[in-house]
Each structure stands twice: as structure tokens, then as C-alpha cells.
Amino acid sequence: MSPTRKLAELPCGRRSKWVVLALWLVLLVVAGPLAGKLTDAQDNQASSWLPSNAESTRVLDEQRAFQPVDTAQAVVVYVRDTGITPADKVEAARDAQAFASAPHVLGRVNGPVESADGQALQTIVPIDIGTGGWQDLRPAVDSLRATAAADSLGMTTHVTGPAGVGADQAEAFAGIDSTLLAATVSVVIVLLLLTYRSPVLWMLPLFSAAGALVVAQAVIYLLAEHAGLTVNAQSAGILIVLVLGAGTDYALLLTARYREELRRHEDRHEAMAFALHRAGPAILASSATVVVSMLCLLVAEMNSTSGLGPVCAIGVLVALLAMLTLLPALLVIVGRWVFWPVRPAFGTPEPTRTGRWAHVGAWIGRRPRKVWIGTALALAACCVGLVSLNATGLSTAGTFTGKPDSVVGQEVLEEHFPGGTGAPLTVVSAAGEAGAVSAVTRQTAGVAGTTDPVTHEGRAMFQATLTDPPDSQPAKDTVDRLRSAVHAVPNADAQVGGSTAVILDAGRAATADNRTIIPLVLGVVLVILALLLRAVTAPLVLIGTVVLSYAAALGISAFFFEHVFHFEGQDNAFPLFVFVFLVALGIDYNIFLMTRVREESAQHGTRHGAVAGLAATGGVITSAGLILASTFAVLGTLPVVGFAEIGFAVALGVLLDTLVVRSVLVTALTLDLDRRMWWPSALSRRAPPPEREREPAGQH
């Protein structure tokens, strides 16, 4: 017996299955409390998202010498269109005194200051961000809003600025884990019920996937606490969707092969061992593709992107472990009855041989070249929508699907005060050259004014207010001009940070990550496919089809974002995230299909193998694609544009890959290329057996 066959028998042996189940139950008992702490371990501070070598990040580090804690400014805005009255000023001054005692407020409250047009007042309140990131902003901002709104004498009040925006972002992400978990589990249950048509079977894959999620969260929590792994709200949210989606996919593939083998083996333990032996390599290759693709994110400049890689990789590895050990043990423990009402009895015919996918394969087989050319042209036409793609970053207002108070307040602030009020730039330099740096800053176009420099241990710091809104392109241009100006001051070692600089540096880092990581992932996936399929032609064909599917999904998504959802654009990292998820996950279905096609081709020839492979895997892969697409679509339930766009594009891309690329385009190309698909392996030189010697699809 081969070593792989022996390994395949471990989770489903007559005694070992109980050992596997017991080990997992102990693991879940230990992991449960740790998984619940993952939210507390999240780091949502700006430095956890930014590239570590960016100028704005270095300024954040230097600021700590001048102020021991990280602070964010909240701007309280009072507006009366008919003009601010003396009573309004008294009330705003009374509020300013009350703001000083609000939760997490630290330092001097500045204001109220009246606008030049006499219609608005503003008060700037520094808030201690602490170690909780934006979570610590919420109670402070809520208190400011309540205080300002009470006894406002008819004035309209808003709280905006970096602290106001951060608090609204925290509100948008509040309960993200529980929301995503509930929505994803609901979707998975419904689709598993429709797939299995059994009132019981769905429980086993779901229990296995949920167990994998708990263990993955526990492992990630331990690494975040003790090994410096960066976890934020973005990576924690995507982890839920990825583990449940990918884990259920692996479960569907294994269960389908197990059900197939139950018709050929009377002993269910033997049936599962054979199913693991046959389906295991495809599942392993699939998970390896995802894991290695995610680990490619480690080379990213953006900390948020590089941190996402290991988080997702750990999630997929744990999901793989659960589906190759816990799920097989559960299936053989419960027996055949779990498939009720359609039990796969020993000796009954395999229904996939004559199912709808067998008919689709036969139809493609009559005209494969016309089918793949027509399909490729249709997908290429969808790529035209790429002209609408605007992945240049989102403004503060553009990050929300709605319009929270901070966004409204920012618009009001820009009407009555200089655009950069409340979100100034921070300039640090050598103390001896602070005067020269400050003078150069005031002379830079786009700067409305500066504060007096503060010195500490040979360094100086001051702030500069911009004339333009802090998230606008003119403000970013001002940052570039100011950096060039202060860098030119001799011996000043001056650097420019602040909100606008953060936005600028993050956008440039994300663009650089796109150029680096996308070709790296393509190369890694190509190598994995070549090793798995032992060929060169097939991996190149598969990579080409997935890239075409990715471009088509982006094109369609960009059209919907602009003309249907009316989003202002996409985040700079949007193309990279969609690419990694679609290529890593989309290639899964091609792996599932082509490993079965190769298995059948070795016995019956490539043309017969292509049709037989599609017939055997079409149903389960389609179900897996629907589940994965639906789980990513759940991201669209969050009031955050970045998540909604990633969820929509990935869901669309998975559906395209499942229903069009894998089932039609790849099958047609395989039929047209025939044994050349396996070049240069020996299979490419093997003549197909005569028609009369071929067995029906699905038999051995």
C-alpha cells in the first residue's frame, strides 16, 4: 500500500476516526476562549496600516517624543445660516469647557473660533487614541456630539475631523465579526441544503468549517499577542468569509467523491479512504495555491496588506486540516444514512455519467474551437468596462456607503473655514533649523498657515493648515510641494506627515504593491499547477483563462460601481485584493476539474477525459462556486465601500469562473488541444485508446 493511501486511511479508520474526533473536540474547547479575544487583539491604529518606511509613518513615530500618546483631533462645528449670535458664542464656549471632561479627551481644547463669514464656529478637541485605535474614539466623539447638540439654541452641530471620521469608521465596523459570521453561516446553510437536498448532511461540513474558523482565530490571536502578527478589522473580517467559504468548498469536493465511492465500495471506511486518496491531491494543491498566494502579500509595503497575507494563509491551512481529518471522521461515523433521502447504495449507478454536465460536455465536444473562441471574445468584451476603473483612492466621504455625521460636518467645515482645518500637516525638523523650515512652509502654495514650533531634545515640530480639503488631490499636491521645499533646507532633516500625507503615502504604496505582487502570484500559481499537472501547456492555459476572468470581472464591476451604485471610485489596493482572491480561489475550480480530467485521460484519452471530468465534477464545483460567491457577497452588507466593492467583484469573478470559464472555456480548450494539453509529459505522447475500448465516463 502506498504511503499516501496509508495517510488517507488515518482519519477514517475504524478506531482512528474516534481519536480524530476526540482530538478536535479537545482542540475546540481550548481554542474557543482564545478565539473570542481576537477582536481585542486587533490593531486599527494608523501605523498598523501604513508602510513602515513611509515618511508619514516616520513622522508619526517622531510625534511620540512631543506627545507621549497618539491623539486625533475632533472638530466640533456650529452653524447658523443667519449668522452666529453672541448667545451662540457663549453656548459654544460653555461646551468647550465641558468637552475637556469627555472620555479620552487629553490636552487643550482650542476654540470656539468664528468663521470669516460669521456663520459658523469651530472648536478643536484632542482625543487620546490610546491602544484601542478607533474604538477609543467612539465614546469621546459620542460625548462631544451629545454635548454640542444639547442646548444648541437652534444651531446645527456636527463633529468631524480625523477623530470624527475615525469614530464613524469604528461604528461602521462595529459588530463586523458577528454580522459577517451570522450572514455567512445563513448563506452556507441555505446553499448546502439546496446542494445536498438532505436535512442532515449540511450540518457536518458546516460544523467542520465553523470549527476550523474557531481554531484559526485562536492561532491568529496567539500570534498577534506573542509574535507581533498585525491583525486589523479588515483582515479579521475577510478571515471569516474566507475560512467558511473555502472550507465549505473543500468539504463539497470531498463529500461528492465520497458519495461516488460509496456506490463502488460496500465498506464506508474503504470508500472514504479511496475518496481521500483521489480527491486529496486536488484539495491539497488548491489550498497550497491559496496559501502561497496569500503569503506573497508579505512583500507588500502596506502593513495592512502584508498582515492580511499570513492571517488568510493560517485560516486556509486550518480549514484544509479540518476538511481532511474532522469531516472524514464525522462522515464515516454517521454512515450512509446521513445522505437521506438519496442514499448512495453500493452497486447503484453514478448519476453524474448522464447528468446535465455530461450533456454540456457532449455539446461542447461537437464544436470545441467555436465554443472557446466565442466564450473568450465574450469575456474580452466584458473587459471594456475597465476604462471605468478608478482605483486611485477614496475620499473620506467616498469610504462610506451612506453619509455619516463626520462627512456632513467636513462639507460644512469646508464651506466656512480653510479646507484643511482640523486635519493639519505635521512637520518635524532639527530644532536649529525650525525657523527656516517654518518660513519655507508658510511660503508654499496651498498652505494657509502654521503654528509655532515646539522643540524637544534637538527636534522641532509644528503644524500646517492646508487651504484645500485634506483628502483632495490639490492637498496631496501641496504635500509633494512642501516635502520638496523642506527637504531642501540644509541640515534640517525635515519630514512632512499628517492625514493628507498618510493618504498620499498609502496610495503610492498600494500602487507599488499592485505592480510587485500580481506578477509574483501569477508565477507562484504557475509553478504549483505545473507540478500538479506535470505539464507546461495546461498550466499556461489555466492561468490565461483565470486572468481573462479577472479582467472581465473587474470590467463588469467597474461599470456597476460607476453607473449603478454611484461609488466615487475604488481604493488603491482594490485591484490587488480582487486579483489575489480570484486567482487563488478561482484556480481552485480549474484544479478540481483538471486533476479529474487528467485522471480520466490517463485511462481513456484526453477528449473522453475532458467530458468525463466535467460530468463528474461539474455539479459539485458549481455548488462550491455558488457558496464561495455568496459568502464574499456578504461583505456587501457592511456600510463600507471598500468591503462592498471587494465582495461584489470577487463574487462576480467566482461566478464567472465557475459557470463560464471552468465549465465552458477550459473544457473547450482541453477538447481542442487534446493530448497537447499535457505537453511535455508522457501523457501528451500517448495515443488515445480505440472508441470501443473506452469505458463510460465515471467508471474505473
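Q: Are Y258 and F339 buried or exposed?
A: In this predicted model, Y258 is buried and F339 is buried too.

Q: How are the two rings of Y258 and F339 placed against each other?
A: Their centres lie 6.0 Å apart and the planes make 45°, so the pair is tilted. An angle under 30 degrees would have counted as stacked and one over 60 as edge-to-face.

Q: Which parts of the chain do Y258 and F339 tie together?
A: Y258 belongs to helix α10, residues 233-262. F339 sits in the loop between α12 (303-334) and α13 (356-366), so the pair links parts 81 residues apart in sequence.

Q: How many aromatic pairs does a search of the whole structure find?
A: The search gives 12 aromatic pairs.

Q: What about F561 and F567, how do those rings sit?
A: The ring centres of F561 and F567 are 5.9 Å apart with planes at 40°, so this pair is tilted. Both F561 and F567 are buried.

Q: Which residues form an aromatic cluster with those two?
A: One cluster holds F559, F560, F561, F565, F567, F574 and F648.

Q: Where does R598 lie relative to W678?
A: R598 is over the face of W678, 5.8 Å from the ring centre. There is also R662, which lies over the face of W357 at 5.3 Å from the ring centre.

Q: Switching to helices. Where does α22 bend?
A: Helix α22, residues 641-673, bends at V661 by about 50°.

Q: And how many of its residues are buried?
A: In α22, 27 of the 33 residues are buried, so the helix is largely enclosed by the rest of the structure.

Q: On to strands. Why call β8 largely enclosed?
A: Strand β8 covers residues 459-466, and six of its eight residues are buried, so the rest of the structure largely encloses it.

Q: How does β5 pair with β8?
A: β5 (residues 425-430) runs antiparallel to β8, with six bridges between the two strands. A430 is the residue opposite R459 in β8.

Q: How many bridges join β6 to β8?
A: Three bridges join them: β6 is residues 447-450 and runs antiparallel to β8. T450 has A464 of β8 as its bridge partner.

Q: And what stands opposite H456 in β8?
A: R459 does. H456 is part of strand β7 (residues 454-456), which pairs with β8 in the antiparallel sense over three bridges.

Q: What sits in the hairpin of β7 and β8?
A: That hairpin has two residues between the strands, and E457 takes a positive phi near 50°.

Q: Different sheet now. In what order do β1, β2, β3 and β4 come?
A: The order is β2-β3-β1-β4, in an open sheet of four strands with antiparallel pairing.

Q: Which strands stand at the edges?
A: β2 (110-114) and β4 (156-160) do. Each has a single partner strand, so one side of each has no neighbour in the sheet.

Q: Which strands does α15 touch?
A: Helix α15, residues 405-416, packs on the sheet and touches β1, β3 and β4. The direction of α15 makes about 105° with that of β4.

Q: S406 is in that helix. Is S406 buried or exposed?
A: S406 is buried, its relative accessible area being 0%.

Q: What is S406 in contact with?
A: Setting aside neighbours within four places in sequence, S406 contacts R145, V159, T160, G164, V165 and D168.

Q: Last one, S287. Which helix is it in?
A: S287 is in helix α11, residues 268-295. S287 is buried, with a relative accessible area of 2%. Beyond neighbours within four places in sequence, S287 is in contact with Y250, V316 and L320.

Notes: Residues numbered from 1 in each chain as written. Predicted model: local features only at pLDDT ≥ 70, side-chain atom pairs only at ≥ 80, totals over all residues. Heavy atoms only, no water. Phe/Tyr/Trp six-rings, centres within 6.5 Å; stacked < 30°, edge-to-face > 60°. Buried < 20%, exposed > 50% of the residue type's maximum accessible area, 1.4 Å probe, protein only. Lys NZ or Arg CZ within 6 Å of the ring centre and 35° of its normal. Pairing = 2+ DSSP bridges. Bend = angle between axes of the 7 residues up to and from the residue. Contact = heavy atoms within 4.5 Å. Axes fitted to C-alpha atoms, helices over the stretch in contact; angles between N-to-C directions.
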